[in-house]
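Please walk through the model below chain by chain, beginning with the secondary structure and ending with the packing on a sheet.

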Amino acid sequence: MTTLDATLPAHGRVGAAARSFLAIVERDLLVIRREAPSFLVQTLVQPLFFLFVFGKVLTGIGTATPSFGTILLPGIVAFTCFLTPLQAVSIDLGRDLGFTHEIDDRLLAPLPNVLVALEKFGLAALRGLIAGACVFPLAYLVLGSGYHVRTDLVGEVAGMMVLTALLGAAIGMLVGAALLITPLLFTGCTYYPWSTLGGIGWFQVVTLFNPLTYAAEGLRHAMLPPIAGHPIETLPMGWVLVVLCGSLVVILGAGLRLFRHRVVS
Amino acid sequence: MTAAIEVEHLVKRYPRGRANAVDDVSFAVLRGETFGLLGPNGAGKTTAIGILTTRVLPTGGRAAVAGIDVVADPIAAKQRIGVVPQTSNLDRSLRVREILTFHAAYHGVSRRERQARADALLEELGLAARGRDKLDWFSGGLQQRVMLGRALMHEPDVLFLDEPTNNLDPQSRLFLWDRIRALHERGVTVVLTTHDMEEADRLCDRIAIMDHGRILALDTPEGLRRLIPGGTMLEVRTRLPQAVPAGAPAGAEPVEAALAALPGVTAVERRPGSGTDDAAVYRLYATGDAGQLLASAAQAVVREEAELLDLRFARPSLEDVFIHLTGSNLRA
């Protein structure tokens, strides 16, 4: 029996996997670009209405204090960054692995399956970042004179948005989205600062188990200008970072393992 | 000759499976061979292909493609194989031509080369005018062509086709058969699963007949036919004296009983009749002298006062071989 050139050198395999990975990224970027208009309309409808009703209508009719729009905005950015990739990943995976199997061609490409999952995770997070960034001009238009965002912590805002989007994408790999979205959203301190919950102690504790709480609090810290000379009270940033990074690692690890389990029987 | 595929004592048991889906299967496929896995649904064909294409992990045994162990080195194995699945898994976010070029890009084919290959394959598959189309409204046959083109974009050593013509219209089926023959002439190793014996018979150099996770026989189509004992099959077409009441037990019909009682006859099978509705067709499996059988069968029919319409020796089909091996019908 003649020997085939069966044994590829190790660097050949790494190179093949890298080329494959980049080609899959290229494919996703093309699809994102092509779907951009409908994607943005779909994802920005929710923040638009929240900003309008809570930030404009409720403050206008006196149900909410005039600063409510300002306090609300970081929460809206947080849930947009969080929810967009969560839905993108969980709907895509549910569909691809469940019945269309459109991901098969990527799973048969010469790279480890885990890289296919990581690519999906990363590009979904990118979608979340794009959507989250679009909330700012939207808020500027809707809130008008009620738009107050401090600009001295731009790096912190960007960092928090990246972490939030990655966390949303990781959770999307782990769960079917539909069931979880509502409880995550309403216990995630997106519509109220955590410190204001002191009067409902048990609920304040519940929110601490939702990673979205830390994302919203972090963004509040980075975005809200001091009110009457006092910086806004949020969860300590050290804790925010520890919890966000920790839950990201744990959830992503579990998500990748589940993915492996779903694509190789 | 080099083996394109080597499978040794392969076993797959799914976590909640009652039996092994693939049960101690061994075979080798030579380079350039068109090899068929023939069997009913649930025989383990798709699982076997799944293992060879890195999507299913075997419970035991060894499987290698182009000398590469698919479990130890799935990445290298994936570079050598092309896969056309049972149902469409085409990337619907892309246009037809992009499906081909991106597949090649995943496999590290250079930009210029993948454009050239996509042009050539779209032309060859009769899709030259559809490259910019979206897949919406593509028929099953057209999607099959796109999947075949995609699988060939990185010039795999071995092409796997899982039930390639299942659910295709006759025209698309013939088209695909032509393409598979052309690949064969080009020296591509093709492994296909099917429960269509005509397909296996026409396309395959060798066929493994599978049932319940095991290979029951593996040979050329001609070799498999020789497995029918005695090798004589006689078809008798008669018009019966009176219609047999519906629901009568098998063998209750006197002509059938008389035929079964002839010396050398091992089995009689009533076939679905063709043409006039009162004609009955019996197939006799027999050992011994064929001429003697012909004469005594004719006498038996006349003796039972039935009208003899036709008598002919039949060539056993692969389905006959399958029934002989398993006792059940391929489509059952």
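Helices and strands here are DSSP runs, numbered from the N terminus: a helix is H or I over at least four residues, a strand is E over at least two. The model is predicted, so local features need pLDDT of at least 70 and side-chain atom pairs count only at pLDDT 80 or more, while totals for chains, interfaces and linings use all residues. Residues are numbered from 1 along each chain as its sequence is written, and chains are lettered from A and ligands numbered from 1 in the order in which they are written.

Chain A has 9 helices and 0 strands, giving the pattern α-α-α-α-α-α-α-α-α along the sequence. Its C-alpha trace spans about 85 × 35 × 35 Å along the principal axes. Of the 265 residues in chain A, 40% are buried (20 or more other C-beta atoms within 10 Å of the residue's own, with C-beta atoms placed from the backbone). Contacts require such C-beta atoms to lie within 7 Å; among those in chain A between residues at least 6 apart in sequence, 82% join residues at least 24 apart.

In chain B, 4 strands make an open antiparallel sheet in the order 2-1-4-5, where pairing takes at least two DSSP bridges between strands. Strand 2 (22-30) and strand 5 (68-69) of chain B each have a single partner strand, so one side of each lacks a neighbour in the sheet. Helix 1 (residues 45-52) of chain B packs on this sheet and touches strand 1, strand 2 and strand 4 of chain B. The direction of helix 1 makes about 120° with that of strand 1 of chain B; axes are lines fitted to C-alpha atoms, for helices over the stretch in contact, and angles between N-to-C directions run from 0 to 180 degrees.

Strand 1 (residues 3-12) and strand 4 (residues 60-65) of chain B pair antiparallel over 5 bridges. Glu8(B) stands opposite Arg62(B) in strand 4 of chain B.

Conventions. Buried ≥ 20, exposed ≤ 12 C-beta atoms within 10 Å, placed from the backbone. Contact = placed C-beta atoms within 7 Å.
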